[in-house]
Amino acid sequence: MPRFYHVIIFIFFVILTTACTPQPEEIAVPTAAASDDFTFGLILVGPSNDHGWSEAHYNGGLYIEQNMPNSKMLLSENLNPNARPEATLQGEVKKMIDNGAQLIFITSDDFSAETLIVARKYSQIYFVHISGDHALQGASPVNLSNYMGKMIYGKMIAGCAAALATENNAIGYVGPLINSETLRLANASYLGAKYCFDNYRDTEAESLRFRVEWIGFWFHVPGVTADPTEITNSLLDDGFDVILSGIDTIEPSTTTAERAAQGENVYTVPYDYENACQSVNEICLGVPYYNWGPGYLQFAEAVSYHAWKHTWVWAEPDWADLNNPDTSPVGFATGAALTPEQQEQLDQFIAGLGNGSINLFRGPLNLQDGSIYLRAGETASDEQIWNMPQLLKGMEGLSE
């Protein structure tokens, strides 16, 4: 893509975030000239080839290198105490700054507290924390912004696909740890499943079972977390014939594929990474995935053009072209297991989400403990959805 179009896209990004998101103090900048060279850092909680969360972010970094002349990525992967007990976020950030990083992407909620520390310590360096809300809460310095794709829509689509395919009226969800992010995504999956079960199936929505099982971290750590393979097998043994993944890696899908190879009629919906269906395609209904590249590029060009905006961005999909690699931060890649009829129904559902005729975060909705989340006719605000306190009523599983 020519540099001229990047400038146009960047200007649009600044206008959009100014209009649509809370805007704390802007960093004063002396000029609109671009830097000749640009070095940025990318810090991953897992490996860059996990076929999940971390690989999707790695591809986002590659997108900058491919679309921004003279840009270079500095990579730190597997930054977690189990893989690299000697490494710290602060240490990795210092190495990157010493090697010329002007902007650093920090890509896990696990790093939330430490991100604030490094952003305050290195006030001339720019930071983007993925999945956090420091800027929204007014709790961060002006050199720290937050960015996240609005994956609630991808998860609604995933839940819908699961509801269309289940023959046992039972959907299992393998989740990571429990926090507001993971609760909101599990709830979105359930709402999508319930809507499509009610509107496209001949059975009653009340008979749909949706169980969430948590492993205790973003991915499996032997001896520390529950084993996602064992959890998946347990769900399948209990008759949950569609398995949705909410963890960073693909064990729920590969385990389901192993059971399918034994003759069982089971399906899977992985998560995070666009190509996650490839190894399990015959039983894959599709994958909701993040496309970090365009958003990453916008932040990189904001720094390069000395036009940084301190902001919190929860980026909507491009409903006009959901899987456009240059415009949509969230996509859904359909898998081979969907029948033509199911695909048509899923397309109808996606169109309803895109044009606003389907709004699943609208009351009446109650939380798992019976308390009111949304009253009849009430529509949830972004902040209500972002700060999800529990699973919803009707779901099986723990909320804390």
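Colleague: On what basis are the residues numbered and the values computed?

Modeller: Residues are numbered from 1 along each chain as its sequence is written, and side-chain values use heavy atoms, with hydrogens and water left out. As the model is predicted, local features need pLDDT of at least 70 and side-chain atom pairs count only at pLDDT 80 or more, while totals for chains, interfaces and linings use all residues.

Colleague: What span is expected of helix H9, and what does H9 reach?

Modeller: Helices (H or I, at least four residues) and strands (E, at least two) are DSSP runs, numbered from the N terminus. H9 covers residues 293–304, which is 12 residues. The expected span is 1.5 Å times one less than the number of residues; H9 reaches 16 Å from its first C-alpha to its last, close to the 16 Å expected.

Colleague: Why is H9 called largely enclosed by the rest of the structure?

Modeller: Buried means under 20% relative accessible area, exposed over 50%, and partly exposed in between (1.4 Å probe, protein chains only). In H9, 12 of the 12 residues are buried, so the helix is largely enclosed. Among them are Tyr296, Phe299 and Ala300.

Colleague: What makes glutamine 102 partly exposed?

Modeller: Its relative accessible area is 23%, and the class lies between the limits for buried and exposed; glutamine 102 is therefore partly exposed. This residue is found in the loop between helix H3 (89–98) and strand E3 (103–106). Its C-alpha is separated by 8.9 Å from that of alanine 300, 198 residues apart along the chain.

Colleague: Why is the pair of tyrosine 173 and phenylalanine 210 called tilted?

Modeller: Rings of Phe, Tyr and Trp (its six-membered ring) pair if their centres lie within 6.5 Å; planes under 30 degrees apart count as stacked, over 60 as edge-to-face and the rest as tilted. The whole structure holds 21 aromatic pairs. For tyrosine 173 and phenylalanine 210 the centres are 6.1 Å apart and the planes at 35°, so the pair is tilted.

Colleague: What makes the pair of tryptophan 312 and tryptophan 386 edge-to-face?

Modeller: Their centres are 5.2 Å apart and their planes at 90°, so this pair is edge-to-face. Tryptophan 312 belongs to strand E11 and tryptophan 386 to helix H11, 74 residues apart. Both are buried.

Colleague: How do you know that arginine 184 lies over the face of tryptophan 386?

Modeller: A charge sits over a ring if NZ of Lys or CZ of Arg is within 6 Å of the ring centre and within 35 degrees of the ring normal. Arginine 184 lies over the face of tryptophan 386 at 4.0 Å from the ring centre. Lysine 155 lies over the face of tyrosine 271, at 3.7 Å.
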